[in-house]
Amino acid sequence: MTDSTIAPRPVPHRPGKPSPSPGGLAAAGLTVGYRTRSAWGRGARHPVLADLDLTARAGELTVLLGPNGTGKSTLLRTLCGLLPPLAGDVRVAGRDVAEETPAVLARRLAVVLTDRVDAGLLSARELVGLGRHPHTGFTGRLTAEDHRVVQWALEAVGAAALAHRPAAELSDGERQRVLTARALAQEPDVVLLDEPTAFLDVPSRVALTVLLRDLAREQGLTVVVSTHDLELALRVADAVWLVDRTSRVHTGAPEDLIVSGAVAAAFDAEHLAFDPLSGSFGLRRAARATVTVESPPHLGPLLERALAREGLTALPGPAGEEPRISADEHGDLTLRGDGAARTTRSFHELTRTVRTW
Ligand SMILES: Nc1ncnc2c1ncn2[C@@H]1O[C@H](COP(=O)(O)OP(=O)(O)OP(=O)(O)O)[C@@H](O)[C@H]1O
């Protein structure tokens, strides 16, 4: 993926609501985790992440990254008030989340979790309309203005065509989009989303992540998203909270965490290595030999990748040096070595030949 593929696109104009109050979301001295039930009292504390001081700024997309089981969902649930903190507090625009009534909190903060939603017989539009409840009167009836906001939210996430579909029949990715629209329809100052791109195809992942960043920038929203889409997050996010395997949380711009080595330390594994220069992950595999390559520029990286899979390091080298693989403009790939030559017509044929050469 290159940065040219993730340039901003215009967010549909949002009717009505003035810019949200500034201030973002801040956690101070926050310890998140669980309590075991006890017949005698509140039970023992089981901290997952301790003593966190975190800020997500208004107008920025903050991405929460970390390996499985490091506490991302636990942190998000605590930030939105669903799970009580074991210590410390969470503030939205300077006000303690724990002290807000649910009705007031729902106007400030929207959340999309990974839990399955029982949509009953609602259409996608009606499901998004539920996001307007903090703004409707006690009858819950939607005004023309509410309908406009619902339509805006559906369009913003590219789900307008799904509006009349029964929500229960949507695919995982379609439902994820509609639930994101419901959160936007709430017109909050802060939006927290737990793995919103988990079920989406690649173009939709990019589109939703860029949309969230653009909404943050253009509408002054505070957006915090957890994801396993590392490379995309590192390209698009304004700020990163990175939970490492020792439960330390590193914060900064993606480049700050790449330079400090925190990204590599958190995710490098037996078969995976982070390349700070390209900002992407590659397979780690011990090279068993080197091979000289000669190719047009557009085929060079692909040739290198295909050979790396076979345990070969591709190096440019002087003419005549063997073993050698030459790619030509037509995509023919010729192997030379041990006095023999063989031309293959696809990467698949090349890699199969290399394996038995
Ligand atoms: N209800 C619960 N009660 C007790 N412990 C829990 C509960 N839910 C999660 N945990 C534990 O808290 C830790 C963090 O889990 P959490 O789901 O927050 O991680 P995560 O980073 O979101 O993981 P993943 O990337 O796999 O979604 C894990 O050890 C998990 O087993």
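Me: Which residue follows helix 4, and near what value is its phi?
Reply: This is a predicted model, in which local features need pLDDT of at least 70, side-chain atom pairs count only at pLDDT 80 or more, and totals for chains, interfaces and linings use all residues. Residues are numbered from 1 along each chain as its sequence is written. Helices are DSSP runs of H or I with at least four residues, numbered from the N terminus. Helix 4 is followed by Gly158, whose phi is positive, near 70 degrees.

Me: Which residues of helix 4 are buried?
Reply: A residue counts as buried if 20 or more other C-beta atoms, placed from the backbone, lie within 10 Å of its own, as exposed if 12 or fewer do, and as partly exposed in between. In helix 4, this holds for Val149, Val150, Trp152, Ala153, Leu154 and Ala156.

Me: Why is Phe347 classed as partly exposed?
Reply: Phe347 belongs to helix 11, which covers residues 347–356. Phe347 is partly exposed because the number of other C-beta atoms within 10 Å is 18.

Me: Leaving aside neighbours within four places in sequence, with which residues is Phe347 in contact?
Reply: Two residues are in contact if their C-beta atoms, placed from the backbone, lie within 7 Å. Once its neighbours within four places in sequence are set aside, Phe347 is in contact with Leu302 and Ala306.

Note on methods
Helices (H or I, at least four residues) and strands (E, at least two) are DSSP runs, numbered from the N terminus.
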